[in-house]
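Hi there,

Here is the structure I promised to pass on to you. Have a look at it first, and then read my notes below.

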Amino acid sequence: MADETTEVLIVGGSMVGLAQALFLARQGIRPLLVERHAEISAHPRAQAASPRTMELLRALGLEDAVRARENPHAQYGDILQAESLTGPELGRFDGPFRHDPNDVGTTGWTLIGQDRLEPVLREGAEELGADIWFATEMTGFTQDEEGVTAVLRDVSDGSERTVRARYLVAADGSRAPIRESLDIGHHGQGVFGRQMNIIFHADLDPYVAGRTFFLCFVSNPKVKGVLGKLGGADSDRWVLAPSLPPGSDHRVYDTEDCVELVRAAVGVPDLPVEVESATSWEIAAWVADRFRSGRVLLAGDCAHVMPPTGGFGGNMGIQDAHNLAWKLALVLRGQAGPDLLDTYEQERAPVAEFTVDQGVIRYLQRSGLDEAAAARHRPETTVLFGHVYSSDAVLRDPGQDDASVVEDPTTPTGRPGTRAPHLPLVRQGKEVPLHDLLDGDFWLLTGPEGAPWQTAAESQGISFHRVGTEEDPETVARFLTRYGIEAAGAVLLRPDGFIAWRTPGPTANPTKSLTTALNTLLHRPTT
């Protein structure tokens with residue numbers, strides 16, 4: 001008999017695992033998360049939360065908390081390129097926008113290191129009831145048709161206990177021991193190189209010389225990498241992320257080697273430097289062959305790895321967790337059939353293939369792209385917001401047979417499987433962006449003549465909004481055009497903000513139409 005029971009066991013307490021705990025807890029599911037390290041890593045690794053990630057966190061009321069912990073130089077936004085901090089400047093380019101210039105998303109990028117974002121996710125998850133155990137590692141597991149039995153070891157004293165869970169989410173990173181234990185392979189272009197992180201203390205203010213930048217890309221014969229400040233105005237704490245030769249590892253670099261790399265990046269041969277710590281990781285590109293094995297589901301870097309260019313990797317993992325959370329919650333509550341979980345891989349694997357390719361294209365741009373790769377390049381807005389899901393959790397329009405993985409979200413079609421276009425709604429006299437309402441529930445949207453749909457929504461216990469009740473005619477016209485319906489039509493939005501189903505106009509029996517759609521989408525047994 002197990003010592004502990006939980007509905008969902010999450011293995012891995014980095015950004016993706018913590019996000020999984022947060023999203024599940026928001027759904028009313030109390031997960032158990034275990035992480036073998038004693039505390040959150042001090043290394044920033046991922047450097048930004050994308051607009052789509054911020055949209056999801058904003059719906060949970062966490063946008064202000066995230067922005068309050070932005071990187072010290074986040075307000076500067078732009079990125080400096082130079083031979084070294086004291087050497088010739090090679091140019092500047094815009095960093096991620098803090099507001100969406102295309103009016104596709106509710107909000108913009110937040111320039112925040114993973115070391116600063118993870119505490120926000122952890123605090124939010126624990127406040128909602130998630131159990132989070134650091135310094136605890138899973139040493140083994142078995143699964144059967146009903147669940148997973150895992151053996152957990154307390155790293156501090158070596159004591160062990162068993163936990164019985166209905167599902168296990170593997171968020172154990174790119175080394176992916178759980179994926180490998182399940183004999184799930186991966187495919188892709190493989191390893192390009194290795195990146196190192198050196199956290200150090202040095203007085204760089206005289207060499208910054210009053211210039212403003214979020215990050216400084218340095219390139220000279222001794223070092224190629226990125227400099228960024230980790231502390232506030234009075235801090236001397238910085239990070240250097242140099243590229244390493246293929247096959248190399250940070251462990252072959254002693255403290256003096258790290259000092260010399262920092263000095264080369266700054267351009268001051270005798271600069272006093274104190275190294276705090278160093279680590280490294282592979283720059284690679286691959287996708288797991290499967291995202292699920294029985295009761296075990298893969299999320300984040302154990303399911304897909306991509307180069308850091310574009311800032312897509314960690315954000316993709318958070319969105320994996322969000323896609324999975326509402327599906328797990330519905331299955332665990334008995335509101336959906338277990339086959340709903342098959343749609344996780346159906347939706348996220350094609351998006352992962354596409355996004356990994358986009359990350360590789362951006363990584364290789366520095367050395368020039370061949371025509372075939374250049375032709376595959378898609379704008380950032382499409383990579384972030386243009387996903388098109390083709391799965392058994394989407395009821396496609398009659399005749400909808402386009403197999404595209406993405407579409408241009410600046411000209412949305414409103415077809416099922418796409419993210420609901422951004423729309424400013426008015427509720428009780430207050431303007432509220434649509435995606436601010438999507439914090440874990442289904443929503444039914446209708447046009448100004450769609451009043452009969454309200455009874456249908458109430459019969460299914462889902463949220464309802466009739467566009468035009470308080471909105472002005474311009475917003476109504478925008479809604480009807482972007483969502484591809486008439487004034488009496490309806491659109492069903494999933495908890496993740498994707499369109500599950502739509503009907504362009506009125507139906508003879510709205511309640512029956514909506515009930516049939518939900519039963520099909522959620523794989524409910526029908527009598």
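**What I found**

Helix α14 (residues 510–521) lies across β19, β21 and β22, and its direction makes about 150° with that of β22. Helices (H or I, at least four residues) and strands (E, at least two) are DSSP runs, numbered from the N terminus. Contact means heavy atoms within 4.5 Å. Axes are lines fitted to C-alpha atoms, for helices over the stretch in contact, and angles run from 0 to 180 degrees between N-to-C directions.

Before going further, a word on the source: this is a predicted model, in which local features need pLDDT of at least 70 and side-chain atom pairs count only at pLDDT 80 or more, while totals for chains, interfaces and linings use all residues. Residues are numbered from 1 along each chain as its sequence is written, and side-chain values use heavy atoms, with hydrogens and water left out.

**The four-stranded sheet**

The strands that α14 lies across include β19, β21 and β22, and these belong to an open sheet of four strands in the order β20-β19-β21-β22, with mixed pairing. Two strands count as paired if DSSP finds at least two bridges between them. At the edges are β20 (463–466) and β22 (499–503), each pairing on one side only. On average, neighbouring strands of this sheet are turned by 15° against each other, direction ignored. Strand β19 (residues 443–446) pairs with strand β21 (residues 490–493) in the antiparallel sense over four bridges, and T446 has A490 in β21 as its bridge partner. Helix α12 (residues 452–460) lies across β19, β20, β21 and β22, and runs at about 170° to β20.

**The eight-stranded sheet**

Another open sheet has eight strands, in the order β4-β3-β10-β11-β12-β9-β13-β16, again with mixed pairing. Its edges are β4 (89–93) and β16 (304–305); each has a single partner strand, so one side of each is left without a neighbour in the sheet. The partner of β4 is strand β3 (residues 79–82), in an antiparallel pairing over four bridges, where I79 has F93 in β4 as its bridge partner. Helix α7 (residues 255–266) packs on this sheet, touching β9 (186–201), β10 (215–220), β11 (223–229), β12 (237–244) and β13 (274–288), and its direction makes about 90° with that of β9.

Strand β9 has two antiparallel pairings to look at: one with β13 over 13 bridges, and one with β12 over six bridges. In the pairing with β13, Q195 has W281 as its bridge partner; in the pairing with β12, R194 has L244. Helix α9 (residues 342–364) lies across β9, β13 and β16, at about 125° to β13.

**Cores and helix α8**

Which residues have the most contacts inside the largest nonpolar core? They are F23, L168 and L492, in a core of 115 residues. A nonpolar core here is a set of buried Ala, Val, Leu, Ile, Met, Phe, Trp, Tyr and Cys residues joined through side-chain atoms within 4.5 Å. Buried means under 20% relative accessible area (exposed is over 50%, partly exposed in between; 1.4 Å probe, protein chains only). The largest share of this core, eleven residues, comes from helix α8 (residues 313–332). Leaving aside residues up to four places away in sequence, F23 touches L56, L57, L60, I318, A321, H322 and A325. A second, separate core has 27 residues, among them L204, L227, L261 and A265.

Helix α8 is mostly covered, with 19 of its 20 residues buried. Just after α8, G334 takes a positive phi of about 75°.

**A parallel pair**

Strand β2 (residues 32–35) and β5 pair in the parallel sense over four bridges, and V34 stands opposite W133 in β5.

**The chain as a whole**

The protein chain has 14 helices and 22 strands. Of its 527 residues, 56% count as buried. Its C-alpha trace spans about 80 × 60 × 45 Å along the principal axes. Among contacts between residues at least 6 apart in sequence, 69% join residues at least 24 apart.

Best wishes
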